[in-house]
Amino acid sequence: MLDEDVAQRTATLRQLHYFLQIMPSSANTHTMLHGKKMINYDTPRRESGDLYAFFDERLLKKKAKELAPCLSSCCIFLTGMMGCGKTTVGKVLSEALGYAFVDSDTYVEQAAGEISVAQIFQQYGESVFRDNESKALQELSSKSQQVVATGGGAVVHPINWEYMRKGITVFLDVPLDALARRIAAVGTDSRPLLDFDSGDPYTKALMRLSTLLEKRVEKYSRANVTVSLSKLADDLEEDVSHLTPTIIAIEVLEQIEKYLRGKKKPFNSHFSSRSA
Ligand SMILES: Nc1ncnc2c1ncn2[C@@H]1O[C@H](COP(=O)(O)OP(=O)(O)O)[C@@H](O)[C@H]1O
Ligand SMILES: O=C(O)C1=C[C@@H](OP(=O)(O)O)[C@@H](O)[C@H](O)C1
């Protein structure tokens, strides 16, 4: 862990200590700060949950404020399988950075005249959708200060990488089991590649996602930054299902920071001198 991170977490921990002193105590001894078990205070679970969310949000804002100048206004393109959280985490991230949020599927839908992705697949076929998706990414890549949630299949066409490389690409790597659970919970109506056959939604999603991931995993690995939820959960001694969008957004920023530090030259964005 970097020295500043240690210092920052120590400072936050001090604030937490103060906060907990003024809170009523009871039986719960499990604490989380950025998902981490750090200290054993007797605090009620519900309040402690709220408290940690509060501190995670503060940590996210602080990280975003520190990192924003290093981004030179470039876009962040979130990639990953359907259901990995590109939209959910993207919104949190954009808000923290003061960036606009764009969902490329929504952009495609609007450009097509308010027709849903599912309808585009059904009426015109996947290849028309892919062409529209590439056009959307081309247009979006010429803008600045945006977090873009790409569609899960955007990584497949090489031309899309040329567009996304104008910004920083992030792969949200979420275990298949968690993806299938999330998709099963919301249904497959809006995701035509998963919306087929009858049967148990979890098993259907798991099987289809597994086949797609096999074909795509190498493409996702081309992203500048990978955020592995399995690894993050291990580091924080938590279950993947307990990683909130805020915690994941913090990790995205930390990984981007590492990536930028590792680059020989500073990030050379053609947006540095322009506004959004
Ligand atoms: N960290 C998370 N924990 C639990 N559920 C999540 C998390 N991130 C996203 N979800 C849920 O998973 C589903 C898919 O998320 P979404 O952001 O739409 O994924 P994507 O844009 O990558 O397809 C949504 O119902 C969302 O609420
Ligand atoms: O993985 C894919 O090929 C797709 C993912 C979807 O986006 P999300 O990843 O936002 O669900 C959407 O673009 C379309 O249904 C195809």
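Okay, hi everyone. Keep in mind that what you see on the screen is a predicted model, so let's treat it that way. I'll start with ligand 1.

How many residues surround ligand 1? There are 14, and the closest ones are G83, K86, T87, T88 and R191. If you sort that shell by class, you get seven nonpolar residues, four polar and three charged.

Now the polar contacts. The side chain of T88 puts an N or O atom 2.5 Å from an oxygen of ligand 1. R191 also uses its side chain, with an N or O atom 2.8 Å from a ligand 1 oxygen. With G85 it's the backbone: a polar atom there is 3.0 Å from an oxygen of ligand 1. Taking the ligand by itself, it has 560 Å² of accessible area, and the protein covers 74% of that.

Which elements give two or more residues to this shell? Those are helix 3, residues 86–97, helix 8, residues 176–186, and helix 11, residues 245–262. Helix 3 provides the largest share, with three residues. And as for where ligand 1 is, the space it takes is the largest pocket.

On to ligand 2. That one also sits in the largest pocket. Around ligand 2 we have 13 residues, and the closest are K86, D105, R130, R191 and R216. By class, the ligand 2 shell has five nonpolar residues, three polar and five charged.

For contacts here, R130 has a polar side-chain atom 2.6 Å from an oxygen of ligand 2. R191 turns up again, its side chain placing an N or O atom 2.7 Å from a ligand 2 oxygen. There's a backbone contact too, with a polar atom of G153 at 3.3 Å from an oxygen of the ligand. And the cover: ligand 2 has 390 Å² of accessible area on its own, of which the protein covers 96%.

In general, side chains of opposite charge can pair when their charged atoms come close. The count for the model comes to nine salt bridges.

That's me done, thanks.

Notes
Residues numbered from 1 in each chain as written. Chains lettered and ligands numbered in written order. Predicted model: local features only at pLDDT ≥ 70, side-chain atom pairs only at ≥ 80, totals over all residues. Heavy atoms only, no water. Near = heavy atom within 4 Å. Polar contact = N/O pair within 3.5 Å; in protein donor to acceptor, adjacent residues only side chain to side chain. Areas by Shrake-Rupley, 256 points an atom, 1.4 Å probe, with all protein chains shown as cover. 1 Å grid on protein atoms, 1.4 Å probe; cavity = no way out; pocket = protein on both sides within 12 Å on 5 of 7 lines; lining within 4 Å. Sits in = over half its atoms within 2 Å of the grid points. Helix = DSSP H or I, 4+ residues; strand = E, 2+ residues; numbered from the N terminus. Nonpolar A, V, L, I, M, F, W, Y, C, P; charged D, E, K, R; others polar. Salt bridge = Lys/Arg side-chain N within 4 Å of Asp/Glu carboxyl O.
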